[in-house]
Amino acid sequence: MTFPLFRIFSFSRRCLGIDIGSSSIKIVELSRRGKKTRLENYIEFKPPKERLMRKREGENIVLPRITAKAIRMALDRAGIKTKRAVFTLPDYSTLFTWFELPLMTKEEIPEAVKYEARHRSPFPLSEIVLDWQIVEKGKKKIKILLVIVPKEIVNQYQTLSALAQLETRILEAEVFAFARSSIKEKDKIIALVDIGEKTSTCSIIDNEVLKRSYSFDISGEELTEAVSKSFNIDYKQAEELKKSYGLCPREEKNVKGLREALLPGARLISKEISGAMENFYQSELKRVQKIVLGGGGSLLLGLKEYLIDELKMEVETAAPFSNISHPSILENTLTALGPSYAIAVGAALRGLE
């Protein structure tokens, strides 16, 4: 779902998808000729010293000047000239809410949605940007998905885009970009699990419609901190150890006990996913049929296999590059990196629509 204020009005043959994390930026450049979509560039850029966001009231707030400088530097280094871009908004800055309305005409719906938004938004209407869509239509009622984003957040990304010398007419919630790039079977009910550096989300998609979204605290950072504490090593060393071996059991002295250090976090991830799926079943009387993992945290070796064993269902990692033309020499690399680029790819695809 995108916000009306930022819709693209003309066809673009190239577009950037930009996914901003707390300490790194992922950028994907795609082009389209006819029905063929091609990968032109992909970048992950980590500023050596400065973080791209700051903490405020429990949330990460993007720092426009620092982040714009990092984006511009990354684009210039890669020789990327494309200016048209789609930025994704972190799910923790986006409020999703669902409600029912009695049957009414198309002309009546916007005012009814605005009325509901007054009661469901933690902010006054003057301080938010909202979008909505009909997710279900019955004989007597219609079900609405309402998306609310504080204007302050929108303004930050507008400023960031201008400072980075980019043309941005779309801002999109991460979950919609993730779904666009990673759901291949449209007829299945899918749980999209995005394990980020700071936070994680489990979103239930039914017939290409977002039906539920749950956030939980266990993330890549917490898994690394568990390793750091268990092995009494610094964060950087713990991150390397986690990436190299993950949940795979090892007997070597320097990594013995690593799986045990990571298992509590893995169990929490499994528990949160299971709870989200059960809540969805209780409200919709439908079962999730597949889990798709994305985000940098999903690259943890052995996590997919662990979840398959624990949840007794189909689990796969996101493969956002699978339907995009790219040099064959990159096949293995893009398969390995795919889950962490799922949001950036989905954003770039939106810009080409």
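**Buried positions and salt bridges in a predicted chain**

At 2% relative accessibility, Y157 counts as buried, where buried means under 20% relative accessible area, exposed over 50% and partly exposed in between, with a 1.4 Å probe and protein chains only. Y157 is found in helix 3, residues 151-163; helices (H or I, at least four residues) and strands (E, at least two) are DSSP runs numbered from the N terminus. Along the chain, Y157 and T88 are 69 residues apart, and their C-alpha atoms are separated by 9.3 Å. The model is predicted, so that local features need pLDDT of at least 70 and side-chain atom pairs count only at pLDDT 80 or more, while totals for chains, interfaces and linings use all residues. Residues are numbered from 1 along each chain as its sequence is written, and side-chain values use heavy atoms, with hydrogens and water left out.

Nine helices and 15 strands make up the secondary structure assigned to the chain. The radius of gyration is 20 Å, which agrees with the value near 20 Å for a compact globule of 353 residues; this radius is taken over C-alpha atoms, and the globule rule is 2.2 Å times the number of residues to the power 0.38. Taken along the principal axes, the box filled by the C-alpha atoms is roughly 70 × 50 × 45 Å. Of the 353 residues, 52% are buried. Among contacts (heavy atoms within 4.5 Å) with a separation of 6 or more, 65% are accounted for by residues 24 or more positions apart. The chain exposes about 17,500 Å², of which carbon and sulfur atoms supply 49%; accessible areas come from the Shrake-Rupley method with a 1.4 Å probe, and for residues only the protein chains shown count as cover.

L241 lies in helix 6, residues 235-245. When residues up to four places away in sequence are not counted, L241 touches V227, F231, I233, G246, N254, V255 and L258. The C-alpha atoms of L241 and T224 are separated by 8.7 Å, the two residues being 17 apart along the chain.

The chain carries 56 positive and 47 negative side chains, and the centres of the two sets lie 4 Å apart. In this count Lys and Arg are positive and Asp and Glu negative, with His and the chain ends not counted; the place of a charge is taken as NZ of Lys, CZ of Arg, CG of Asp or CD of Glu. The structure holds 26 salt bridges, each defined as a side-chain nitrogen of Lys or Arg within 4 Å of a carboxyl oxygen of Asp or Glu. A network of salt bridges links E136, K143, D206, K211, R212, E284 and K286.

Individual pairs may be described in turn. D76 and R72 meet in a salt bridge with an N to O distance of 3.2 Å. Because D76 and R72 are four residues apart in helix 1 (residues 64-78), about one helical turn separates them. R72 counts as buried, at 13% relative accessibility. In a further salt bridge, the closest N and O atoms of E100 and K141 are 3.6 Å apart. E100 lies in strand 7 (residues 95-102) and K141 in strand 9 (residues 141-150), so this pair ties together parts that are 41 residues apart in sequence. E100 is partly exposed at 47% relative accessibility, and K141 is partly exposed at 46%. The side chains of K312 and D309 also meet in a salt bridge, at 3.6 Å from N to O. Here K312 counts as exposed, at 65% relative accessibility, whereas D309, at 49%, counts as partly exposed.
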